[in-house]
Amino acid sequence: MDKLVYTAATGLRAHMQAQAAIANNMANASTTGFRADRVIFDRIELKGGGAQLEARAPTKEEVTDADRAPGAIQHTGRALDVAVTGVNDWLAVQASDGSEAYTRRGDLEVAPSGVLQTGDGFIVQGQNGPITLPPYTSLTIAGDGTISIIPQGGDAANPQVVDRLKIVDTKGSQTVKGLDNLLRVKGGGTLPANLDAKVQGGALEGSNVNMTQVLVDMLENQRSYEIQANLMKSAKELDEGGSSVMRLPS
């Protein structure tokens, strides 16, 4: 009986974590470049005493990856907006801990210090590190990610190249999505720039969250949670019934 309760309890915990991931996807349905969390359920094989305890097979839940499907691209006309067009291409940024990470978020902006960053505040990486822009009157981002400006007081006919966005190809590499919605190389490290990558200037890629599927996932997860809860309730009732029989006078 204890084994039944233990398995049901781990199942409840897993479904609660899955619900949190589903809620996160729903909350980011309109976030630029967001990639939906993918959640899987699996069995944990417990080992002890030299043998597998097959009767005790609790479930675990984890966000294993992000859905890599592209989001819809919308034209904005804003000079600092870029949409990475390759399915496996990601824009390199500096994460909060200083490491290199990758995003599909292209709503770029210039901080007061001149540093180029994403809409959620991560510093954008160029071919030689973080990109810093001097004061300018106009800016363009070419299809290959090259950033050109007309400096303040400069000749409009002679734009100056500042840097080129570092865009990497994740195909064939083990990458994982973090809680900050950034992609990282599993185990650490960085990816080389993909010089063939392309961007679409004046456009943004939207979230790839499918709200219809999210609602279906939420309902299915809630039903499964209720089944696990009822299982625990039944186990408790059976346990109490057995205890009552043991207390009957002989």
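This is a predicted model: local features need pLDDT of at least 70, side-chain atom pairs count only at pLDDT 80 or more; totals for chains, interfaces and linings use all residues.

1. Residues are numbered from 1 along each chain as its sequence is written, and side-chain values use heavy atoms, with hydrogens and water left out.

2. The secondary structure of the protein amounts to two helices and 20 strands, where helices (H or I, at least four residues) and strands (E, at least two) are DSSP runs numbered from the N terminus. Among contacts (heavy atoms within 4.5 Å) between residues at least 6 apart in sequence, 64% join residues at least 24 apart.

3. Of the 250 residues of the protein, 38% count as buried, that is, under 20% relative accessible area, with exposed meaning over 50% and partly exposed in between (1.4 Å probe, protein chains only). The protein exposes about 13800 Å², of which carbon and sulfur atoms supply 52%; accessible areas come from the Shrake-Rupley method with a 1.4 Å probe, and for residues only the protein chains shown count as cover.

4. A search of the whole structure finds one cavity of 30 Å³ or more, a cavity being a set of points, on a 1 Å grid over the protein atoms alone, where a 1.4 Å probe fits but cannot get out. The largest cavity holds about 40 Å³ of space, the volume being the space filled by probe spheres set on the points, which are joined across faces, edges and corners. Its lining residues (an atom within 4 Å of a point) include Gln127, Asp144, Arg164 and Asn194, and by class the lining has five nonpolar, two polar and two charged residues.

5. Thr175 is placed in strand β17 (residues 175-177) and counts as buried because its relative accessibility is 8%. The side chain of Thr175 makes a polar contact with the side chain of Arg68 (3.0 Å); such a contact is a pair of N or O atoms within 3.5 Å, where within protein one must be able to donate a hydrogen and the other to accept it, and residues adjacent in sequence count only if both atoms are side-chain atoms.

6. Ser148, in strand β14 (residues 146-151), is buried, with a relative accessible area of 15%. Leaving aside residues up to four places away in sequence, Ser148 touches Ser138, Leu139, Thr140, Pro159, Gln160 and Val161.

7. Asn181 lies in the loop between β17 and β18 (183-185) and has a positive phi of about 70° although it is not a glycine. With a relative accessible area of 27%, Asn181 is partly exposed.

Note on methods
On a 1 Å grid over the protein atoms alone, a cavity is a set of points where a 1.4 Å probe fits but cannot get out, and a pocket is an open set with protein on both sides within 12 Å along at least five of seven lines; lining residues have an atom within 4 Å of a point. Ala, Val, Leu, Ile, Met, Phe, Trp, Tyr, Cys and Pro count as nonpolar, Asp, Glu, Lys and Arg as charged, and the others, Gly among them, as polar.
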